Amino acid sequence: MRFIFVLMLLVFLFQACQNSSKVEQNYALIVEANADSITLKAAHQMRTYWKIITGRDLKTLDQCPEDKTGLFIGKSFVGVSKQENLAELKEDGFIISIQEEGIFLYGNDAIANLYAVNTFLEEQMGCVKLSATEDHIPQIDRPQFESFFKKYEPAFHFRRILFKGQKELSFREWYKLDELDDWGMFVHTFHRLLPPQEYFQEHPEYYSLVNGRRLQDAQLCLSHPEVITTLIKNLGAEMEKKPEKTIWSVSQNDAYNYCECMDCQKLYEKYDSYSGAYIEMANQIALAYPDKQISTLAYQFTREAPQNIQPLPNVNIMFCSIECNRSMPLVDDPRSK
């Protein structure tokens, strides 16, 4: 009998020690009084899901009462030393910190605050957004959280998928996806920057030589110096219309028919790849516009990486694997190798 009593006591003490690392359950949602609209949206998101999960309202305040544990949204509630660490976060990066003092969800800007809330709901409360209109939300009477710290930084500056739900704002915000808001031009732009109807009749030499003929519905002759200077000039004119845009695609048309002229052949040989001529072109344009990102494609005949040249820091290479099998991982599928 004494053995059973001692065993039960040990179990009780073990559970008590475990529970001591958990944050108290009497929560209040704390948002600064002058919070911006996106941070308020993050707070509304937390309050809405919390109500569905627990069946109880989460009171929203701008200061935490002594009898409650704060669930703080925004960087204004963290200490000075922790705010200094925020300066090191990449764009859209955020921190989730669960402590005895409270739960802190914050990033450098408002959208990062919303990303922090959505990630907390997913990873700490088990919510899953299955589609733009369908969620899995568990039922938890009294959530408990272990001490936890996570610093999240996206691997890619621009994140977009061609997937059902992409146009729904709630879906993009949950999965931290972008729209084309930063893009001035997006892929297959040769014909937009050097339209054949404007240039071909007077300057057929600007366009691909294929089987001895200049083709206006193909690519550009990138070895021709006037092609590069005209691309730079016309791109600059487009940039003046949209000065706030930071990413500009200068990229091959959606066709093969790369130029076969002697000077272009020399570029292909110099870089051991067709793509070398396209990287050289992008580099020259990037030098002309150092405050912009110049994007070009690795697509079809330019997919193989070149030798003896590297893209400049403000050149963005968009790898396009459109012909690959999307139904299994690329590395597992011989057809996609």
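Helices (H or I, at least four residues) and strands (E, at least two) are DSSP runs, numbered from the N terminus. The model is predicted, so that local features need pLDDT of at least 70 and side-chain atom pairs count only at pLDDT 80 or more, while totals for chains, interfaces and linings use all residues. Residues are numbered from 1 along each chain as its sequence is written, and side-chain values use heavy atoms, with hydrogens and water left out.

View 1. Leaving aside residues up to four places away in sequence, C320 touches A298, Y299 and R303, where contact means heavy atoms within 4.5 Å. The C-alpha atoms of C320 and H157 are separated by 17 Å, and these two residues lie 163 residues apart along the chain.

**View 2. Packing of helix α2 (residues 37-54) with helix α4 (residues 110-123).** The two axes, which are lines fitted to C-alpha atoms over the stretch in contact, with angles from 0 to 180 degrees between N-to-C directions, come within 7 Å and cross at roughly 15°. That angle makes α2 roughly parallel to α4, the class for angles under 35 degrees. The crossing of α2 and α4 is right-handed, meaning that the near helix is turned clockwise from the far one by less than a right angle. From α2, I38, T39, A42, Q45, M46 and Y49 meet A110, I111, N113, L114, V117, N118, F120 and L121 of α4.

**View 3. Packing of α8 with α10.** The axes of α8 and α10 are 10 Å apart, and the helices pack at an angle of about 45°, which makes α8 oblique to α10. The crossing of α8 and α10 is right-handed, and the contact is made by I228, L231, I232 and L235 of α8 together with M281, Q284, I285 and A288 of α10.

**View 4. The largest nonpolar core, with 37 residues.** A nonpolar core is a set of buried Ala, Val, Leu, Ile, Met, Phe, Trp, Tyr and Cys residues joined through side-chain atoms within 4.5 Å. In the largest one, L231, L235, V250 and M281 touch the most other members. Two or more residues come from each of α6 (190-193), α8 (225-241), α9 (262-271) and α10 (275-288), and α10 gives the most, with seven residues.

Methods
Angles under 35 degrees count as roughly parallel, over 145 as roughly antiparallel, 65 to 115 as roughly perpendicular and the rest as oblique. Buried means under 20% relative accessible area, exposed over 50%, partly exposed in between (1.4 Å probe, protein chains only).
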